[in-house]
Amino acid sequence: MTVLLIHNQNQKLTDIRQALDNCNCSYSEADDMDNARVLLQDNSPPIHTIIMDYNLVREMPFFLKEIAKNENLKDIPLILRLSEDERATPRSFKHSGSFLWLQTPFTEKTLHSMILSAENELSQRRALRREIQSRTSVIGSITRGTFHIRTFEQAEALTTMLSLACP
């Protein structure tokens, strides 16, 4: 699992780098949005979480829109770092994946937990998308039905299938 750390050229982000190193998290860095795009589309190694400052999102909202349009990237979770003066007034924004707020100062344990949570969510979203794709062919022929469910797995599969029929 690889984290993409996006920052501008003026930021040092030493605290995040040090925390990632201490947690043995693999990461790549981009010092502008163009480099971030290249790393995300190159997919080698695959990016599973993006960490960036909240102010970068505010300055460049088009970046998240580009990610949302890309089928391979739209579920990648964001961890947004808030400075102390931004904590009181973060504005919401649209992102197709999940996002978490990292308030500064932070502990390494907090950041590591957030990364694990983000990677887990990405895995779940991708598994759900694969599940949906595997059931798409059955959906078109259902007009009504009665279902007898015995296990949690059957309930989960049925829920996925019905969510396609009744979005």
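**Note on the salt bridges of a predicted model**

1. The side chains of Arg37 and Asp34 form a salt bridge, with N and O 2.7 Å apart. Both residues belong to helix H2 (residues 33–42), where a spacing of 3 residues amounts to about one turn of the helix. Arg37 has a relative accessible area of 19% and is buried, because the cut-off for that class is under 20%. The model is a predicted one.

2. Glu71 pairs with Lys74 in a salt bridge whose closest N and O atoms lie 3.2 Å apart. Glu71 counts as exposed, at 52% relative accessibility, whereas Lys74 is buried, with a relative accessible area of 17%.

3. A salt bridge also connects Arg125 and Asp75, with 3.4 Å between the closest N and O atoms. This pair links distant parts of the chain, 50 residues apart: Arg125 lies in helix H5 (residues 108–139), and Asp75 in the loop between helix H4 (61–69) and strand E4 (78–82). Arg125 is partly exposed at 26% relative accessibility, while Asp75 is buried at 3%.

4. The structure holds 8 salt bridges.

5. As to the overall fold, the chain has 6 helices and 5 strands, in the order β-α-β-α-β-α-α-β-β-α-α from the N terminus. Of its 167 residues, 37% count as buried. Among contacts between residues at least 6 apart in sequence, 63% join residues at least 24 apart. The accessible surface of the chain is about 10,300 Å², and carbon and sulfur atoms contribute 50% of this area.

Notes
Residues are numbered from 1 along each chain as its sequence is written. This is a predicted model: local features need pLDDT of at least 70, side-chain atom pairs count only at pLDDT 80 or more; totals for chains, interfaces and linings use all residues. Side-chain values use heavy atoms; hydrogens and water are left out. Helices (H or I, at least four residues) and strands (E, at least two) are DSSP runs, numbered from the N terminus. Buried means under 20% relative accessible area, exposed over 50%, partly exposed in between (1.4 Å probe, protein chains only). Contact means heavy atoms within 4.5 Å. Accessible areas come from the Shrake-Rupley method with a 1.4 Å probe; for residues, only the protein chains shown count as cover. A salt bridge is a side-chain nitrogen of Lys or Arg within 4 Å of a carboxyl oxygen of Asp or Glu.
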